[in-house]
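Here's a walk through a two-chain model, with the cut-offs spelled out along the way. Have a look at the structure first.

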Amino acid sequence: MKSQMNIAKLLLYAILTSYAIVTLIPFIWALSASFKPLNEILAGGLNFIPQEFTFNNYITIFTEQALFPRWLFNSVFVAVIGTALNLVFNSMAGYALARLTFPGKKTLFITILAVLMIPAQVTMIPNFLILKELGWLNSYQGLIIPGMVNATFIFMMRQFFVNFPREVEEAAAIDGLGRFGTFFRIVMPMAKPALAAQAIFVFMSFWNNFMAPLIIMTDASMYTLPVGLNAFQSDYATYWNYIMAASMVFTLPVLVIYIFFNRFFLRGLSFRGDK
Amino acid sequence: MAKRKYTKSQLREAGQGYVFLSPTILTLLVFLIGPIIFALFLAFTRVQLLGDTSFTFVGFDNFTRMVDDTRALIALRNTAFYVVVVVPVQTILALVLAATLNAGLKGEKFFRIIYFLPTLTSSAVLVMIFMWMYRPDGFINSILGGVGLPTYNWINDPNIALISIMIMNIWATAPFFMVIYLAALQDIPDSLYEAADLDGANAVQKFWHVTVPLLRPVTGFAVIMGIIGTFQLFDQSYMFSGGSGGPDNSTLTVVLLIYQYAFAAYDQMGYAASLAVALAIVILAATLIQRKLQKDEEVY
């Protein structure tokens with residue numbers, strides 16, 4: 001009986017380990033290529049440790065590819081501002097829907113839920129025409145403003161604020177804080193775990209978005225990293241050393257965020273899974 | 001109908017409610033609800049983008065045109081094939097991985113962190129890495145050739161290109177659903193497994209008769225999310241084919257076709273909008289049917 005348990009355990013570990021290898025290999029292979037000179041990559045071979053270790057690929061993409069630093073800046077700028085706006089606006093909306101009484105509240109809530117179900121492709125073409133009319137094509141606001149609220153996270157924040165202790169707000173009111181003071185100085189700081197989970201997902205969706213910047217940004221200097229990387233790939237199709245270095249620079253911020261906020265991540269996910 | 005009188009504090013609270021919601025209402029109106037209505041209008045028009053944008057009403061022409069549009073039919077066939085293969089495979093893989101991870105082994109957290117990496121990584125980066133590994137003399141063919149298996153022209157063979165994208169996406173998405181399954185697995189009370197033990201069930205029987213039925217609601221969620229996601233396949237087929245949907249239309253998806261008509265041609269935007277509306281109807285219908293089925297067989 002005991003040895004049978006051990007065999008079962010061994011088998012489970014074998015499954016887990018082989019899948020972990022399958023998951024990791026593409027990343028390690030890409031990371032390794034980012035430190036190899038081009039001739040070593042083109043010569044083939046399956047060596048994970050570079051024979052001739054070099055930082056040149058990274059140096060080149062930052063110094064000689066004039067647009068790469070710009071794409072990195074565009075991505076960071078759009079993702080950071082977009083996330084900040086989402087955190088404030090989604091929370092305000094969630095709070096109002098959870099706590100305040102006003103006419104039309106139910107209709108609004110149902111509308112927000114219904115909007116969750118509409119695929120983005122439907123709004124893609126009209127939004128292009130609207131942004132064109134506003135003169136916002138090829139601009140940061142064209143990418144940020146349409147995405148500055150998110151129905152999923154308004155819903156999530158509403159659920160959070162419904163369970164939020166009322167006594168805290170009442171105490172703040174007694175101390176003389178108004179509605180806005182209470183919200184920004186007392187309620188928001190106490191909502192940090194929910195905000196952290198939201199921040200990660202919103203940041204990632206801005207950071208990884210390919211379609212919106214592809215449609216909105218016509219000038220190469222306004223590309224964000226995903227579109228830039230794609231353009232880079234078609235221009236420098238054989239320079240896999242540069243493409244892999246650029247891919248690694250692109251992945252690093254998300255990786256850092258993931259490692260730091262791992263626990264919020266899983267909480268945020270199970271939030272969604274519970275629905 | 002009696003006119004309701006509001007007290008001063010009620011009025012103030014209502015005002016505050018609208019102030020709190022004003023950014024949301026504004027964005028919803030301008031960039032979501034407005035565009036949805038606009039899209040329905042566009043679907044029945046011919047849009048001319050050169051010079052001044054003009055709209056001509058054409059009735060159902062855009063919709064009848066779909067029937068004779070060979071590329072639309074190819075895109076639909078590719079997308080349907082993609083959905084039918086990817087959704088079940090990624091869901092089953094996610095369930096098996098989650099069940100394995102939940103067996104109470106050491107290092108569970110470590111594996112979970114590793115598995116989740118592809119889900120975090122941008123589709124653009126994943127496509128770059130895979131396009132490079134898929135080269136004729138690349139990593140994957142070297143491995144396959146090394147152990148005596150057949151090699152393929154992963155990106156340029158019309159029979160294989162879509163399958164290459166499937167492999168990559170299953171690899172990237174299954175762990176996302178695994179995490180959702182994992183959360184649900186941890187909520188299943190041990191007593192149910194102990195009862196099955198008393199009945200003499202082995203591990204496979206317990207998985208099949210206890211775990212799988214209890215996870216049905218989560219499976220429903222994973223299938224809906226999977227269908228919605230796979231129907232919208234765009235980034236990967238765009239990047240793999242340089243925007244063309246090639247080789248030989250083999251990676252052309254519905255969304256890529258919508259993109260091509262809307263942004264690569266100057267007078268096809270109305271037709272593109274009608275395709276987008278049709279796609280949305282298909283996705284909504286799939287979601288509703290799935291929900292209905294799920295309600296009918298709810299175990300609780």
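## A surface patch on chain A

A:Leu252 sits in helix 14 (residues 240-260) of chain A; helices here are DSSP runs of H or I with at least four residues, strands are E runs of at least two, and both are numbered from the N terminus. Together with A:Val256, A:Phe260 and A:Phe261, A:Leu252 makes up a nonpolar patch on the surface, with about 400 Å² of accessible area between them. Patch members have over 30% relative accessible area and no salt bridge, with nonpolar side chains (Val, Leu, Ile, Met, Phe, Trp, Tyr) joined within 5 Å and like charges within 9 Å. The areas are Shrake-Rupley values with a 1.4 Å probe, and for residues only the protein chains shown count as cover.

## Ground rules

This is a predicted model, so local features need pLDDT of at least 70 and side-chain atom pairs pLDDT 80 or more, while totals for chains, interfaces and linings use all residues. Residues count from 1 along each chain as its sequence is written, chains are lettered from A and ligands numbered from 1 in the order in which they are written, and side-chain values use heavy atoms, leaving out hydrogens and water.

## Where the chains meet

On the chain B side, 85 residues are in contact with 89 residues of chain A, contact being heavy atoms within 4.5 Å. The two chains bury about 8100 Å² between them, with carbon and sulfur atoms giving 81%; that's the accessible area (1.4 Å probe) the two parts lose on being put together, summed over both. In chain B, B:Phe20, B:Phe31 and B:Trp132 lose the most area to chain A, together 11% of what that side buries.

How many salt bridges run between chain B and chain A? The count is 1: B:Glu13 pairs with A:Arg179, and their closest N and O atoms are 3.8 Å apart. The criterion is a side-chain nitrogen of Lys or Arg within 4 Å of a carboxyl oxygen of Asp or Glu. Helix 1 (residues 8-42) of chain B gives the most to the side of chain B that touches chain A, with 22 residues.

## Within the chains

Over all chains, the search turns up 6 salt bridges. One joins A:Glu169 and A:Arg99, with the closest N and O atoms 2.9 Å apart. This pair links distant parts of the chain, 70 residues apart: A:Glu169 is in helix 9 (residues 166-174) and A:Arg99 in helix 4 (residues 67-99) of chain A.

On the backbone side, B:Gly246 and B:Pro247 are joined by a cis peptide bond, omega about 0°. B:Pro247 lies in the loop between helix 11 (235-240) and helix 12 (254-264) of chain B.
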